[in-house]
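Please read this briefing with the sequence and the structure side by side.

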Amino acid sequence: MERRIFLQKSAIVGTGLAISPSLLSFPKHPEHLEKITILHTNDTHSNIETFPSTHAKYPDQGGVARRYSLLKQIRKEEKNVLLLDAGDIFQGTPYFNKFHGELEMKLMSHMGYDCATMGNHDFDAGLEGFLNAYQYGDFPFVCSNYNFDNTVLKDVIKEYQIFKKGPFKIGVFGVGVQLNGLVAKANFQDTTVSAPIPVANGIAKHLRFEEECDLVICLSHLGYEAKQFKDNDQLLAAETENIDLIIGGHTHTFLPKPEVHTNKIGEKVLINQVGWAGLALGRIDFYLGEKKRHKRHELVMV
Amino acid sequence: MKIIQILWIIALGAGLWACSSASVFVQTDKVGVNTSIHPDDTLQTLIAPYKKALAADMDRVIGFASDDLVRARPEGPLGNFVIDETEDYLKQNNVLPVDNFITLMNHGSLRSPISYGDITVGDVFKLMPFDNTIVLAKLPMTAFDSIVKYLINSGGEPIGGFQLTKEDVAFDEGTTFNDTLYVVTTDYLANGGDNMNFFKQRYEVIDTGILLRNILLQQVEKKKNFHPVLDNRIML
């Protein structure tokens with residue numbers, strides 16, 4: 001178990017003033033602070049069952065029923081929990097081949113997923129196939145740089161979603177990978193894809209300043225590093241502002257812990273990704289003081 | 001005086017910081033999911049009928065083989081079956097951005113024959129248990145010589161789109177390339193699997209994301225009847 005503490009504070013105070021390190025320490029009684037727990041997965045790829053003990057790389061790991069036990073335990077302990085997924089829910093086991101995503105959607109709904117974004121493999125059943133599976137899904141999908149207006153997913157997929165958990169207002173949006181060359185045209189039809197970074201900047205600014213969100217989270221299926229295309233989470237972090245946390249997917253990257261990157265205006269932003277197949281659950285707890293809304297803030301690692 | 005001013009600013013700063021209480025602390029954790037956690041019963045119950053249906057599905061008959069499709073070198077009916085059905089699927093479904101390509105797979109990845117009689121879903125899973133996806137690799141034309149050398153050294157691999165004999169090598173009629181050689185293969189081989197090092201010369205690899213096994217399942221279900229094909233595409 002890795003635990004790290006960061007401090008986020010209003011830039012207005014930090015500017016030009018040396019604050020003694022003692023002021024930046026984690027309070028002795030954090031239970032007095034309001035807290036929200038963000039849990040996340042990515043690239044679960046239809047992995048329903050725990051890998052067999054004979055599995056070459058990940059014996060006895062993963063499995064949704066075990067993940068759900070873990071989730072129930074955390075929900076018992078924490079008041080405010082948000083459960084998110086960064087895409088590629090479909091494809092990878094015969095469960096998808098036979099049931100076309102129905103079981104994945106049912107299980108995620110049962111487990112209480114709050115929001116997800118679409119990965120390239122979530123187009124593998126085609127748009128109609130996705131819609132068909134999604135009748136068993138009761139949580140929103142956010143894709144901010146895909147336009148589905150000329151498809152059957154018009155008004156089904158959202159641009160962003162705002163959650164209110166206890167005193168927190170959290171804005172969640174999603175960016176996806178270029179589909180041309182990665183997904184068969186027949187499977188995405190007339191979906192159009194915009195460059196993710198300008199879209200992310202626009203929406204994050206809206207969520208921070210218009211919607212006055214305490215936290216802005218981007219579900220990204222661009223990948224941790226460039227794979228087929230140049231856009232990736234590190235570039236996204238470097239060239240945007242107003243995002244607190246990027247939950248990544250696509251490259252199946254096992255980050256040992258969330259990374260702190262510097263955004264376009266020198267603030268810090270977190271990137272995390274937890275491999276694939278539901279082998280691990282990412283967890284990030286935010287403790288908010290009397291944070292003033294629509295203020296820019298800076299992440300300071302303690 | 002100046003010192004007092006500075007102290008005052010520092011004090012004010014600290015005061016502001018304390019008043020604003022604008023701190024957001026972040027703790028992070030990664031929780032492994034493994035057999036040390038007891039699986040949830042309600043979810044197990046929800047999964048059970050699907051699991052059962054899936055097991056039954058492995059025995060579902062989706063086609064028929066008029067004779068054994070076995071693996072052989074330099075050329076075998078099993079390799080030809082995998083190559084030809086992959087090519088047919090890619091063409092019928094317009095998966096690739098190009099029409100002209102050769103196909104290359106490996107003998108070693110075909111794990112089990114298709115035996116005479118009914119073909120079940122399980123048979124196709126046994127033939128192709130790996131989650132290999134089909135990719136299109138763009139290579140310089142010079143890589144073709146390396147491919148030919150590899151085939152001669154190994155004694156033959158499943159191929160399509162060209163013919164290789166002791167004396168000659170020729171692309172199939174209608175297949176032409178200019179500066180770039182387009183090779184359909186699996187993600188495993190394109191990444192250098194089975195020492196196919198010529199793939200390292202690649203300009204680009206486009207991964208279709210489509211599992212080879214799924215292609216075979218769909219083709220068997222669609223075409224139903226299969227006969228062993230040997231057409232002397234490799235004679236060494």
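Which residues are buried in helix α4 (residues 102-111) of chain A? They are A:L103, A:E104, A:M105, A:L107, A:M108 and A:M111, where a residue counts as buried if 20 or more other C-beta atoms, placed from the backbone, lie within 10 Å of its own, as exposed if 12 or fewer do, and as partly exposed in between. This is a predicted model, in which local features need pLDDT of at least 70 and side-chain atom pairs count only at pLDDT 80 or more, while totals for chains, interfaces and linings use all residues. Residues are numbered from 1 along each chain as its sequence is written, and chains are lettered from A and ligands numbered from 1 in the order in which they are written.

**Around helix α4 of chain A**
- The buried residues of α4(A) are covered by elements that include α2 (64-77), α3 (94-99) and α5 (126-134) of chain A, together with α2 (41-58) of chain B.
- After α4(A) comes A:G112, which has a positive phi, near 85°.

**Chain A as a whole**
- Chain A has 8 helices and 14 strands, which are DSSP runs numbered from the N terminus (helices H or I, at least four residues; strands E, at least two).
- Of the 302 residues in chain A, 50% are buried.
- The average pLDDT of chain A is 87, and 86% of the residues score at least 70; pLDDT is the predictor's confidence in each residue, from 0 to 100.

**Nonpolar cores**
- The largest nonpolar core has 83 residues, of which A:L84, A:V172, A:I217, A:L219 and A:I246 touch the most other members; such a core is a set of buried Ala, Val, Leu, Ile, Met, Phe, Trp, Tyr and Cys residues joined through C-beta atoms within 7 Å.
- Strand β13 (residues 280-288) of chain A gives the most to this core, with 6 residues.
- A second, separate core of 48 residues includes B:L90, B:I119, B:A190 and B:L216.

**A sheet in chain B**
- An open sheet of 3 strands in chain B runs in the order β4-β2-β11 with mixed pairing, where two strands pair if DSSP finds at least two bridges between them.
- Its edge strands, β4 (117-120) and β11 (225-226) of chain B, each pair on one side only.
- Strand β2 (residues 61-65) of chain B pairs with β4(B) in the antiparallel sense over 4 bridges, and B:F64 has B:D118 in β4(B) as its bridge partner.

**An annotated domain**
- UniProt, in an unreviewed entry, places the feature "domain: 5'-Nucleotidase C-terminal" at residues 61-139 of chain B; such positions are given in the numbering used here, feature names are shortened, and annotations may be inferred rather than shown by experiment.

Note on methods. Contact = placed C-beta atoms within 7 Å.
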